[in-house]
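Open your viewer and get ready to click along. We will go from one spot to the next, selecting residues as we go.

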Amino acid sequence: MIEAIKKDAATRMGKSIDSLRQEMAKIRTGRAHTSLLDHVMVEYYGSEVPINQVANVGVEDSRTLTVTPWEQPMVAKVEKAIMNSDLGLNPSSMGTVIRVPMPALTEERRKDLVKVVRHEAENARVAIRNIRRDANNELKNLVKDKSISEDEDRKGQEEVQKLTDQYIAEVDRVLAEKEKELMAV
């Protein structure tokens with residue numbers, strides 16, 4: 001029983017780390033990469049869809065992305081969606097190809113991005129602590145049902161705490177890597 005609770009908590013904490021890494025990948029460092037536009041949604045025949053479902057996103061050079069919509073009428077909509085995103089990019093269309101230049105990051109913008117990164121890391125820590133709380137509540141319920149003893153409960157809670165510490169250390173490591181990447185000129 002206790003092993004199942006630990007395994008479930010570890011799986012959920014791992015998913016929190018994966019989610020954090022995905023969020024960190026969206027935060028740009030000045031280099032162009034296609035995942036930068038992954039969360040941009042485009043209005044396509046009445047519904048919102050990810051940009052990669054209506055266009056091909058590629059890297060032209062280290063500072064420029066190219067977006068090629070599959071349908072000519074979508075060029076304006078895709079360009080507008082990129083402009084309205086929270087990325088602060090200014091795309092320019094040339095026929096059917098939209099070029100998205102990556103502006104160089106200023107010191108002030110880098111510091112703002114570090115704040116965003118720290119906020120994302122704190123959200124991941126909170127998620128991990130919530131998973132710990134859920135696991136501990138499950139252990140307490142097992143004690144109430146007399147399925148396990150109080151000693152087993154205490155031991156289980158200690159093991160869940162070790163898991164929590166391990167995953168929070170991983171969050172801190174991911175945060176430190178991203179901060180270093182952002183502050184490198």
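Start by selecting helix H3, residues 107-144. This helix gives the largest pocket the biggest share of its lining, four residues. Keep in mind as you look that this is a predicted model.

How much space lies in the largest pocket? About 230 Å³. To find the middle of the pocket, select Lys26, Ile27, Asp86, Leu87 and Val116, which are the closest to its centre of the 11 residues that line it.

Which residues does Glu159 touch, leaving aside its neighbours within four places in sequence? They are Ile2, Glu3 and Lys6. Show the side chains of Glu159 and Lys6 to see a polar contact between them, at 3.0 Å.

Finally, zoom out and switch to a cartoon view. You can count four helices and six strands, and following the chain along its sequence gives the pattern α-β-β-β-β-α-β-β-α-α. Turn the model around: the C-alpha trace spans about 70 × 40 × 20 Å along its principal axes. The radius of gyration is 22 Å, while a compact globule of 185 residues would have one near 16 Å. If you colour by burial, 39% of the 185 residues count as buried.

Conventions:
Residues are numbered from 1 along each chain as its sequence is written. This is a predicted model: local features need pLDDT of at least 70, side-chain atom pairs count only at pLDDT 80 or more; totals for chains, interfaces and linings use all residues. Side-chain values use heavy atoms; hydrogens and water are left out. A polar contact is a pair of N or O atoms within 3.5 Å; within protein, one must be able to donate a hydrogen and the other to accept it, and residues adjacent in sequence count only if both atoms are side-chain atoms. Contact means heavy atoms within 4.5 Å. On a 1 Å grid over the protein atoms alone, a cavity is a set of points where a 1.4 Å probe fits but cannot get out, and a pocket is an open set with protein on both sides within 12 Å along at least five of seven lines; lining residues have an atom within 4 Å of a point. Grid points are joined across faces, edges and corners, and a volume is the space filled by probe spheres set on the points. Helices (H or I, at least four residues) and strands (E, at least two) are DSSP runs, numbered from the N terminus. The radius of gyration is taken over C-alpha atoms; the globule rule is 2.2 Å times the number of residues to the power 0.38. Buried means under 20% relative accessible area, exposed over 50%, partly exposed in between (1.4 Å probe, protein chains only).
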